[in-house]
Amino acid sequence: MHKRTRRTLLVVAGVVLLLAVAVFLRSKAPPEAARLLPESDGIIYFNLKPVRAFLHKDLKPPQRVPEYQQFVEATGIDWERDLDSAAIALHRMPDPNGPNGPVAYSMVLTGKLTGKRLNSWLEAHATGREVYAGHTIYSIPSENRTVRVVQVGYDRIAVSNTPTAEQIHSIVDRHRAAALPFAGSTLLSRHYHDVPLLSVAWGLGQIGLPFSESGSIRVLGLSLPLQAESTIIASVTPCLPLTNSVHLRVEEIAPDEGKAVSQAAALAAIVTLARGVTTQLADNAANNALRELLKTTEVTQKRNRVIATASLTPAFFSQITNSEKSFATPATSPSQAASH
């Protein structure tokens, strides 16, 4: 073989190898939207494209309130149709009775969301503007607080309702380093490797904060033996295609193994008790969803970790959607998306 031909083949092989390594690293890296999030106490991420495909036969389009319809007509943005993914950072507030309540949010939303029409809407509703690193940050009043909105890419906007602009500035700064596959916050770097591969939704850190009441976490009306400050890794992962279901996994990192043993026992007892109680409840969407969840729930403990798993079918999500208790009116704007 000619030396020049051999050298060319080696170069091509080297490039292919580098590309393969880059693709592998990218597959292991957190989603870009999550990498843009600022430092926080918790992170929640949703990839809505596969979720829509999974639930398209069971979900009914929500009714549009007049304000939301006006937003759609003004911007051309329909959250149910155009939002592809959402990465949300949870920030614990020092004053739980303040305008932000116990938790503030910073969000990075990806999809067909940007453009001149959205800018026009923001210009019309903003009470303040700031140019930061070449990006215009709009300040929009919402429920006694300021919500900041900025377009950070051709398909991406950032929203934050924190008391200062520090978090929205951090998102803009991280956007410039987003190509680095393992960039991101301390929390993401520390725990993303615990998220199962191919998860379409996941959360990590103190994600119990939005569901906590008086220090306890409540989900679907049940008070769980977990503290709001607990480090939790939760995920929703599609099961085998033929099963047409998803796997829910919630893992708590307890302070020590002894605490994990006691919390696992308490959680398993609550699941057993709840199964018995729900059999006596009326037959409606909310109760049926709760029964569906409890039927497949299992609790295990490994070293200092408590793990709860369940399998959820499209019927479960349909029941949740149709339940009046679980129904939420769509946000009319990026500012209201952050205020709730």
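# Questions on a predicted model

Colleague: Take helix H7 (residues 166-175). How many of its 10 residues are buried?

Modeller: Helices (H or I, at least four residues) and strands (E, at least two) are DSSP runs, numbered from the N terminus. Buried means under 20% relative accessible area, exposed over 50%, partly exposed in between (1.4 Å probe, protein chains only). Val172 and Arg174 are among the buried residues of H7. The helix is mostly covered, and the buried count is 7.

Colleague: What pLDDT do local features need?

Modeller: Residues are numbered from 1 along each chain as its sequence is written, and side-chain values use heavy atoms, with hydrogens and water left out. This is a predicted model: totals for chains, interfaces and linings use all residues, side-chain atom pairs count only at pLDDT 80 or more, and local features need pLDDT of at least 70.

Colleague: Which are the edge strands of the open sheet?

Modeller: The sheet has 12 strands with antiparallel pairing, in the order S4-S5-S6-S7-S3-S2-S1-S8-S12-S13-S15-S14. Two strands pair if DSSP finds at least two bridges between them. An edge strand pairs on one side only, which gives S4 (128-132) and S14 (298-302).

Colleague: Which residue of S2 is the bridge partner of Tyr45?

Modeller: Strand S1 (residues 42-47) pairs with strand S2 (residues 83-92) in the antiparallel sense, over 6 bridges. Tyr45 has its bridge partner in S2, and that residue is Ala87.

Colleague: Is His135 buried or exposed?

Modeller: His135 is found in strand S5 (residues 135-142). By contact (heavy atoms within 4.5 Å), His135 touches residues including Glu130, Val172 and His175. Its relative accessible area is 17%, so His135 counts as buried.

Colleague: Where in the structure do Glu251 and Arg305 lie?

Modeller: Their side chains meet in a salt bridge (2.7 Å, N to O). A salt bridge is a side-chain nitrogen of Lys or Arg within 4 Å of a carboxyl oxygen of Asp or Glu. The pair ties together parts that are 54 residues apart in sequence, because Glu251 lies in strand S13 and Arg305 in strand S15.

Colleague: Which residues do salt bridges that share partners join into one network?

Modeller: Glu251 also forms a salt bridge with Arg249, with the closest N and O atoms 2.6 Å apart. Glu251 is buried at 5% relative accessibility, whereas Arg305 is partly exposed at 22%. The network takes in Asp194, Arg249, Glu251 and Arg305.

Colleague: How many salt bridges does a search of the whole structure find?

Modeller: One of them is Glu143 with Arg145, the closest N and O atoms being 3.5 Å apart. Glu143 is partly exposed at 46%, while Arg145 is buried at 15%. The search of the whole structure finds 11.

Key:
Lists of a residue's contacts leave out its neighbours within four places in sequence.
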